Amino acid sequence: MPTNRQRLIIKTAVLTLMAAGAIAGAAGLAVLYGGWYNIGATAQHYAFIYTVLEEGMKQSVRNHADDIKAPRLGDPAQLQLGARVYRDKCLQCHGGPGVAQSTIGMSMQPIPGPLVDATQRWEPNELYWVTKHGIKMSGMPAWEYHLSEEELWAVTAFVTVLPSMDTRSFKAAVAPGEAP
Amino acid sequence: MRVVAMAMLAASLAACTSERLPGGVVGDPVRGKIALTQYACQSCHLIPGVPGSKVYVGRPLSEMGQRKVLAGAVPNDQAGLMRWIRDPQSIDPHTAMPNLGVTERDARDMSAYLLSH
């Protein structure tokens with residue numbers, strides 16, 4: 001049998017937790033429905049929010065791409081196909097060495113990164129997974145239903161050779177020509 | 001004593017809130033900071049005060065006010081920095097930094113922000 005004193009302590013603890021929960025809930029609803037949060041893309045994230053979201057994205061991609069095994073990449077025909085896919089589907093948001101993205105890609109938040117350093121951050125199977133499935137809430141679309149398996153690996157292969165390209169060779173690779 | 005402390009506090013607060021521009025620099029650094037993010041500058045450069053990924057595709061833009069020369073070619077004053085931002089190929093034809101079509105006003109405000117941080 002608990003003593004009166006123990007009963008009082010438990011009662012106080014339970015009531016305090018309930019009150020704290022109710023206040024937190026009310027505060028959450030006020031923020032949600034008050035519209036105070038600036039959803040505009042001209043206002044930047046707080047640095048720690050950006051960092052947490054980016055880390056979560058990285059770990060999710062690592063985990064989900066883990067089972068994918070990249071085929072051998074980089075033969076010239078594949079790189080040519082990859083360059084055409086890059087030109088038509090990636091360039092407008094990501095740009096390339098010496099080539100600016102279009103205004104669509106300039107003012108997004110989060111900003112679509114340059115892909116010239118992508119191989120420092122991602123393995124080829126991860127680049128393939130991101131291209132195929134996209135990234136929620138980032139503006140990165142999923143290409144699974146719009147590109148063939150061959151095109152997905154081709155554009156992955158092209159991204160892996162971007163660091164070796166200068167402005168001139170990149171411009172030549174994405175020059176206007178036949179569609180993929 | 002207390003009055004002096006209050007005055008010093010007020011002065012330091014004022015220094016924090018109002019952006020003080022270095023001599024000869026014009027433009028709106030608050031607007032310039034936003035403009036930097038609207039031309040995707042932070043996608044390649046680390047910029048003081050702008051959250052983003054750890055990227056080193058372009059050089060970090062910290063302490064731009066202390067640099068003497070841009071791209072080893074032009075003096076790092078506001079005019080030189082604006083020219084670099086608007087047309088980098090006119091200074092270094094081989095640079096991988098693209099011409100992003102920055103307007104004169106936006107480049108002025110961007111340079112005002114960069115030169116005061």
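**Chat about chains A and B**

Colleague: How many residues does each chain bring to the contact?

Modeller: Chain A brings 23 residues and chain B brings 19 residues, where two residues are in contact if their C-beta atoms, placed from the backbone, lie within 7 Å. This is a predicted model, in which local features need pLDDT of at least 70 and side-chain atom pairs count only at pLDDT 80 or more, while totals for chains, interfaces and linings use all residues. Residues are numbered from 1 along each chain as its sequence is written, and chains are lettered from A, with ligands numbered from 1, in the order in which they are written.

Colleague: Which elements of chain A give two or more residues to the side that touches chain B?

Modeller: Those elements are α2 (47–64) and α4 (103–106) of chain A, and α2(A) gives the most, with three residues.

Colleague: OK, and how many helices and strands are there in chain A?

Modeller: Chain A has eight helices and zero strands, these being DSSP runs numbered from the N terminus (H or I and at least four residues for helices, E and at least two for strands).

Colleague: Is chain A compact or spread out?

Modeller: Chain A is more spread out than a compact globule, because its radius of gyration is 24 Å, well over the 16 Å that the globule rule gives for 180 residues; the radius is taken over C-alpha atoms, and the rule is 2.2 Å times the number of residues to the power 0.38. Along the principal axes, the C-alpha atoms of chain A fill a box of roughly 85 × 35 × 25 Å.
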